[in-house]
Structures are given as structure tokens and as C-alpha cells.
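Okay, thanks everyone for coming. Have a look at what's on the screen, and I'll walk you through a few spots.

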Amino acid sequence: MSSLLVDDIGELVTNVPTPGGGPLGLRRGVALLVEAGRVVWIGPSRYAPAADRRIDAGGGAVLPGFVDSHAHLVFAGDRAAEFAARMAGEPYTGGGIRTTVGATRAASDDDLRDTVRRLRDEAMRQGTTTMEIKSGYGLTVADEARSLRIAAEVTAETTFLGAHVVPAEYAGRPDDYVGLVCGPMLTAATPYARWVDVFCERGAFDADHARAILTVGQAAGLGLRLHANQLGPGPGVRLGVELGAASVDHCTHLSDADVDALAGSATTDGSTVATLLPGAEFSTRSPYPDARRLLDAGVTVALATDCNPGSSYTSSMPFCVALAVREMRMTPAEAVWAATAGGARALRRTDVGVLRPGARADLMILDAPSHLHLAYRPGVPLIRQVLHNGVPQCRL
Ligand SMILES: [Zn+2]
């Protein structure tokens with residue numbers, strides 16, 4: 001069995017809390033040994049075991065790979081003109097989703113596959129080693145199933161989002177569309193999906209519809225996630241907590257009752273995570289969610305990209321970390337934790353977002369001595385190497 005030693009690490013972020021290392025579990029002067037895609041040993045460099053291969057981190061920081069728990073990669077076309085119009089003053093309403101639905105339905109499987117893989121690779125080069133991918137631009141039984149089938153080729157974290165928007169052919173008949181989502185569409189999607197999600201927002205799906213879809217999805221064996229409270233206040237966050245969702249995403253407009261519900265959330269599998277998506281506020285020029293308020297209330301916070309062609313066309317977790325620190329009152333350590341361990345919590349994963357013996361050997365090596373540089377040097381390509389399942393992804 002081939003082994004790989006990562007050595008000369010300037011700072012190791014483990015996300016295993018230690019008395020001196022804070023919540024990031026920072027360690028220095030250590031090396032990390034990988035075998036068969038897993039971390040098998042972490043300890044002082046001078047005691048490092050012999051290995052078949054060695055990567056010299058050159059004094060750079062080593063972190064768990066980013067866990068991007070919210071992305072919409074199965075689509076065709078782009079909406080650059082809509083972005084330009086918005087930057088010239090037009091408001092974002094979510095209506096542009098239908099433009100992408102039309103392009104996606106018209107695309108071939110190979111076109112969709114190429115886009116998914118291109119964006120997944122783009123994210124990987126920026127340190128993302130786990131990526132959730134949603135359907136939601138097909139909105140027919142066949143197109144939702146093929147979107148998930150293609151997503152499942154590159155990730156285990158696939159999410160059925162048939163309830164993204166009511167498609168044009170069901171205009172004025174949302175009950176009929178929800179019936180389709182809960183029936184044949186769910187049946188066709190379930191073999192390829194781990195999660196079910198609903199865009200619970202004025203202009204998309206109301207709380208009754210969301211509850212109906214999530215309930216039948218749960219009965220079909222899918223975990224729950226929810227787009228909630230993005231464009232205005234609403235019932236989504238409390239519904240997600242009530243139903244035991246792994247994550248409620250966006251959380252931009254929260255009441256005190258929403259924050260209390262998140263802070264008090266608990267199931268046997270963990271609490272409901274508040275996943276914040278600052279790329280969406282950036283790209284729609286909207287007010288950012290208040291991460292500080294959530295953190296101070298004891299809520300578990302994750303950061304994700306929301307990568308999609310309309311409201312957040314970025315695959316960059318370092319960009320989201322920088323936004324979270326600058327615009328959402330998170331400390332650099334909180335933002336790095338939220339983008340790694342927080343994302344893992346949002347996906348109910350214990351094998352990623354953390355570096356300890358037994359964890360998946362998913363990590364990044366920075367061209368910088370500490371995790372602080374991710375926010376301190378925004379827009380700079382600091383990621384020198386990425387290991388996914390222990391396999392180096394970039395040429396050194
Ligand atoms: Zn989204």
C-alpha cells in the first residue's frame with residue numbers, strides 16, 4: 001500500500017478542538033501521513049514514519065478541503081446580461097431561473113456533464129474537495145432525473161430540487177406542480193439523490209407546499225435541506241428546524257424566533273445548520289446575513305458558494321470566506337471553520353471537514369503560512385496543492 005507524507009507544514013488546521021489550538025485545532029511542527037485515501041497519522045515531524053512519497057508543504061498552511069454544501073451546477077447557458085442589468089439597478093426576483101430552465105432542457109447530456117465537471121474542477125483548484133450538487137433546472141420528471149444522474153457521477157451529495165420554481169407550463173397551477181414533484185418526479189429522482197430541497201420563498205413555494213414536499217421526500221429516505229429567508233422574512237427557517245432539516249440555507253432575513261429556533265435545534269443526527277451564501281448577496285447587491293448574530297446565539301454556521309448561473313456564479317470558497325470576514329462580522333477562524341467543518345455538519349458528514357486519523361485525506365496546501373491569509377489576501381490564488389482522497393490534484 002502506497003503511503004504519502006505531507007511535511008514542512010507551517011500550520012495545520014485540524015478542526016479538532018484542542019486547549020491551545022482553539023476551535024480550528026491549530027498545530028505546528030507536525031507532519032501528516034496518508035494511506036489508502038485516509039489520514040492515518042499526525043504527529044511531530046521528527047517522529048514521522050517512513051513513506052513511499054513526500055510532499056513538502058514549504059512552510060505553508062494545510063487545511064481540510066472546503067466542504068461546499070450548496071451548489072447548482074447542472075445547467076446550460078449563462079445569465080451575464082441579467083447580471084449586468086442588475087448591476088445597472090434592476091432588482092433580483094428569482095425570475096431568471098426560468099431562462100436557465102429553458103436552456104437546460106434543450107441541452108444534451110454531454111453538454112450538462114461538461115459544465116458540471118468544468119465547475120467541479122474549477123472548485124477543486126480552489127480547495128473544494130466535497131461539493132453538494134442540486135438539480136432544479138430541469139423541472140420535468142425526465143430532466144430532473146437526468147440532472148441528478150449526471151450530478152451523481154461526480155458527488156455523493158446530490159439534492160433533488162424539483163421545487164426550485166414553478167415552471168411556465170404550470171403557471172397559475174402550483175398545486176398541480178407540487179403534486180408532480182411529490183409523485184412521479186420524486187420517484188424518478190430518488191435513486192440518484194441523497195437530499196431533497198425546496199425554494200421556500202414568496203414567488204416560489206409557500207410553507208404548505210414545502211412541508212408537503214419535504215415530508216414525502218423524507219418518507220422516501222431523503223435527508224432534508226431548505227432554501228429559506230433569502231429575499232424576505234418567512235416561515236422557511238422554522239419549518240426546516242421543525243422537520244429536522246440538516247441545513248437551512250441563505251438565512252438573510254431572520255426574526256428573533258428564527259434565531260432561537262436554530263439555536264435550540266437538535267436531532268439525534270445533529271442540529272440544523274444555518275448555511276450562509278454571501279456570493280448571492282454579492283451578486284444581487286443585497287444586504288448580507290448577520291453571521292455574528294447567529295454565532296453569538298450558538299447556532300452552527302456553514303459557508304457555501306450557491307454556485308449557479310443567476311444569483312451567484314462563483315465556485316470559490318476562498319472568496320466566500322473573505323466576504324464572510326469583511327461583510328458578515330465573522331473572524332477569519334470562524335469563517336474557515338464554517339467553510340470546512342461547518343459544511344460537513346450541513347451535510348451530516350464526519351469524515352470530511354476535519355483532519356485526524358481515520359478522516360478522508362481531503363486537504364489543501366496554501367502558498368501562505370496561515371489560514372488568516374485566505375481573508376487577508378482576497379482574490380489571490382493561494383492554493384498550491386489539493387489532495388482528494390489522498391491523491392494530489394495539481395501539478396507541483
Ligand atoms: Zn441555492
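Let me start with a question: is Asn229 buried or exposed? Asn229 is buried, with a relative accessible area of 1%. By buried I mean under 20% relative accessible area, while exposed is over 50% and partly exposed is in between, using a 1.4 Å probe and protein chains only.

Quick word on the source before I go on. This is a predicted model, so local features need pLDDT of at least 70 and side-chain atom pairs count only at pLDDT 80 or more, while totals for chains, interfaces and linings use all residues. Residues are numbered from 1 along each chain as its sequence is written, and side-chain values use heavy atoms, with hydrogens and water left out.

Back to Asn229. You'll find Asn229 in the loop between strand E12 (223-228) and H7. Those labels are DSSP runs numbered from the N terminus: helices are H or I with at least four residues, strands are E with at least two. The phi of Asn229 is near 55°, a positive value in a residue other than glycine. Asn389 has a positive phi too, near 50°. Asn389 sits in the loop between strand E17 (383-388) and strand E18 (391-392), and Asn389 is partly exposed, at 30% relative accessible area.

Now, helices. Two packed helices are described by the angle between their axes and the distance between the axes. The axes here are lines fitted to C-alpha atoms, for helices over the stretch in contact, and angles run from 0 to 180 degrees between N-to-C directions.

Take helix H6 (residues 207-219) and helix H7 (residues 236-243): their axes come within 11 Å and cross at roughly 25°. H6 and H7 are therefore roughly parallel to each other. For the cut-offs, under 35 degrees is roughly parallel, over 145 roughly antiparallel, 65 to 115 roughly perpendicular, and the rest oblique. On the H6 side, Ala207, Ala210, Arg211, Leu214 and Gln218 meet Leu239, Glu242 and Leu243 of H7, where contact means heavy atoms within 4.5 Å. That contact splits into five nonpolar, one polar and two charged residues. In that count, Ala, Val, Leu, Ile, Met, Phe, Trp, Tyr, Cys and Pro are nonpolar, Asp, Glu, Lys and Arg are charged, and the others, Gly among them, are polar.

Next pair: helix H3 (residues 109-125) and helix H4 (residues 141-151). They pack at about 45° with axes 10 Å apart, so H3 and H4 are oblique to each other. Their crossing is right-handed. H3 brings Asp109, Leu112, Arg113 and Val116 to the contact, and H4 brings Arg146, Arg149 and Ile150. Here we get three nonpolar, no polar and four charged residues.

How many of the 11 residues of H4 are buried? Eight are, so H4 is largely enclosed by the rest of the structure. Among those buried are Asp143, Glu144 and Arg146. The buried residues of H4 pack against H2, H3, strand E9 (133-134), strand E10 (158-163) and helix H5 (174-189).

One more pair: H11 and helix H12 (residues 332-346), at about 140° with axes 9 Å apart. H11 and H12 are therefore oblique to each other, and their crossing is right-handed. Met317, Val321, Ala324 and Val325 of H11 meet Pro332, Ala335, Val336 and Ala339 of H12. What sort of residues are those? Eight nonpolar, no polar and no charged.

Last stop, the rings. The structure holds five aromatic pairs, meaning that rings of Phe, Tyr and Trp (its six-membered ring) have centres within 6.5 Å; planes under 30 degrees apart are stacked, over 60 edge-to-face, and the rest tilted. One of them is Phe75 with Tyr313, edge-to-face at 5.8 Å centre to centre and 75° between the planes. The two are 238 residues apart, with Phe75 in the loop between strand E7 (66-68) and helix H1 (80-87), and Tyr313 in the loop between strand E15 (301-303) and helix H11 (317-327). Phe75 is buried at 1% relative accessible area, whereas Tyr313 is partly exposed at 39%. Ring pairs also bring in Tyr137, linking Phe75, Tyr137 and Tyr313 into a cluster.

Notes: A crossing is left-handed if the near helix is turned anticlockwise from the far one by less than a right angle, and right-handed if clockwise.
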